[in-house]
Amino acid sequence: MADETRDAAPAPGADPRDYVQDGAVLLGASRQGRDLVPEMIELKLANRHGLVTGATGTGKTVTLQVLAEGFSAAGVPVFAADIKGDLSGIAAMGSQKPRLVERAKEIGLVGYGNAKFPVAFWDVLGERGHPVRATIDGMGPVLLSRLLELTEPQEGVLNIAFRWAADERADGDAHMLIKDLKDLRSVIDEIGQRAGELRSKYGNIAPQTVGVIQRRLLVLEQQGAEKFFGEPALDIADLMKVTPDGQGVVNILAAEKLMETPKLYSTFLLWMLAELFEKLPEIGDPEKPKLVFLFDEAHLLFNGASQAVLEQIERVTRLIRSKGVGVYYVTQSPADVPDRVSAQLGNRIQHALRAFTPREQKSIRAAAETFRKNPQLDTERVIQELTVGEALVSVLHNKGEPSIVQRTLIRPPMSRVGPLTDEERAAVIAADQANRAKYAETVDALSAHERIQERNSPVGQVKDGIRRFGNLFKFKT
Ligand SMILES: Nc1ncnc2c1ncn2[C@@H]1O[C@H](COP(=O)(O)OP(=O)(O)OP(=O)(O)O)[C@@H](O)[C@H]1O
Ligand SMILES: [Mg+2]
């Protein structure tokens, strides 16, 4: 909401909060007859998710930037993956570039000003942001199987590894935790060695399968995942910060390199959604979201996903809303998103699509049909005519019904369009002392790897015997 008590009185449009009024974030304006009509996203319906689509170079990233700016100004923290590095510009003051000024004029924004936004950089590989880590136990066997591209029987063995470690913990070996890849390798190795003895309780553990999993783990490690698995694990509260003056922090995940391993990228984001879903309390429909999650290159999530994973995505998308998290999938074509997920994405921004092949024509038709009809617009044709930075917009309004689709010129961002320099980025990371102190160093606590090593040593065997039967004897331990 606009702050009426600002001391000076610059032209409206110079402060990010000017673009948040009456519980809505301004997206741009549509021409309706001779009038320009503001188009906006309602904050109280922003947790009903969204979809941003369009071909390459049509303005998707700038639209994400505008969304992120708007949410931040509204006090809503944002999480976004930065695929090409260009979203990082949101941390820097923009400038009055001709193209942007032109757009401001086109939509009649008189006081278009520049600003920068509070940003936290994160990086799974730990290079271009604070390291983001998860434990293997935290990720769980379903996502891990997806990451390792395991077949069903292989997934079975992976499940045994998790169950075995859990049973050992329940049996009193509290440190039999699978935190990093070393731990998982040790556990898999251990159950492989003891396959004969474990068969009756857990089922078959074929040596070839153990071999396959071990090799996949090695590949994963070479892709840099060893940096990702471990502690301190990401605390999702750190993605939900608001600055003292009420701006939502924009969390940007460096994804340029991560994208080279699409499975790791998409599994990681999926893990994050699952984590948010599990850890956040139920709050119903809040006045504004607690967090907005912008999921770029979302097709990677759905491509070749198993039934179990698809179900998980669908379920998390459906239920995370009542935890106050809005998820915005970003991809080229709406056809990239399965119907059951798509049906839950209420706020839609469709940039231009091109139709070269019959298949593309079909997906344009499908995209056109998802909108609430506007008698003034031939949606199917307009989708192909939209210029850069222009989109068909239909959002949820009133009681949650979709608004009539409008051809909308997206407003220009206030922050920089284009990436930060390496120096600028390093400065932002260095200034973020709280996250640096918490995440910069890896901690390798006692876990399964060490426990198995210990147990398999002569002293360890003795101790293990005592641990398991100590209650029957009077030992001094
Ligand atoms: N709303 C806008 N106002 C002004 N200029 C815009 C707007 N949207 C896009 N542009 C211009 O178009 C360029 C390309 O936009 P953008 O990078 O968002 O495309 P994209 O769809 O993300 O492309 P890619 O698929 O290659 O990532 C921008 O650098 C900017 O100059
Ligand atoms: Mg882009």
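Predicted model: local features only at pLDDT ≥ 70, side-chain atom pairs only at ≥ 80, totals over all residues.

Residues are numbered from 1 along each chain as its sequence is written, while chains are lettered from A and ligands numbered from 1 in the order in which they are written.

**Stop 1: the two domains**

Colour domain 1 (16-132 + 231-431) and domain 2 (136-230 + 443-465) separately; the bounds come from an automatic or database domain assignment. Their centres, taken over C-alpha atoms, are separated by 38 Å. Where they touch, 18 residues of domain 1 are in contact with 16 residues of domain 2, contact meaning C-beta atoms, placed from the backbone, that lie within 7 Å.

Now show helix H8 (262-279) and helix H10 (307-320), which each supply at least two residues of the side of domain 1 that touches domain 2. Helices here are DSSP runs (H or I, at least four residues), strands likewise (E, at least two), and both are numbered from the N terminus. H8 gives the most to that side, with five residues. By class, the domain 1 side has 11 nonpolar, five polar and two charged residues. For these classes, Ala, Val, Leu, Ile, Met, Phe, Trp, Tyr, Cys and Pro count as nonpolar, Asp, Glu, Lys and Arg as charged, and the others, Gly among them, as polar.

**Stop 2: H8 against H10**

Keep that pair on screen. H8 and H10 pack at about 45° with axes 10 Å apart; axes are lines fitted to C-alpha atoms, for helices over the stretch in contact, and angles run from 0 to 180 degrees between N-to-C directions. That makes H8 oblique to H10. As for the terms, angles under 35 degrees count as roughly parallel, over 145 as roughly antiparallel, 65 to 115 as roughly perpendicular and the rest as oblique.

Show side chains for Leu270, Leu273, Ala274, Leu276 and Phe277 of H8, which meet Gln312, Ile313, Val316, Leu319 and Ile320 of H10. This contact comes to nine nonpolar residues, one polar and no charged.

**Stop 3: H4 and its partners**

Over to helix H3 (residues 136-148) and helix H4 (residues 152-170), whose axes are 10 Å apart at an angle of about 150°. H3 and H4 are therefore roughly antiparallel to each other. Pick out Pro141, Leu144 and Ser145 on H3, with Glu155, Leu158, Asn159 and Phe162 on H4: these make the contact. Four of the residues are nonpolar, two polar and one charged.

**Stop 4: ligand 1**

Which residues come nearest to ligand 1? Of the 17 around it, they are Gly59, Lys60, Thr61, Val62 and Gly389; a residue counts as near if its C-beta atom, placed from the backbone, lies within 6 Å. Helix H1 (60-73) and helix H2 (98-106) are the elements that give two or more residues to this shell. The shell divides into six nonpolar, seven polar and four charged residues.

**Stop 5: two backbone details**

Zoom in on glutamate 231 and proline 232, joined by a cis peptide bond with omega about 0°. Proline 232 sits in the loop between H7 and strand S8 (250-254).

Finally, find aspartate 22, in the loop between strand S1 (20-21) and strand S2 (24-32). Its phi is near 55°, a positive value in a residue other than glycine.

Conventions
Contact = placed C-beta atoms within 7 Å.
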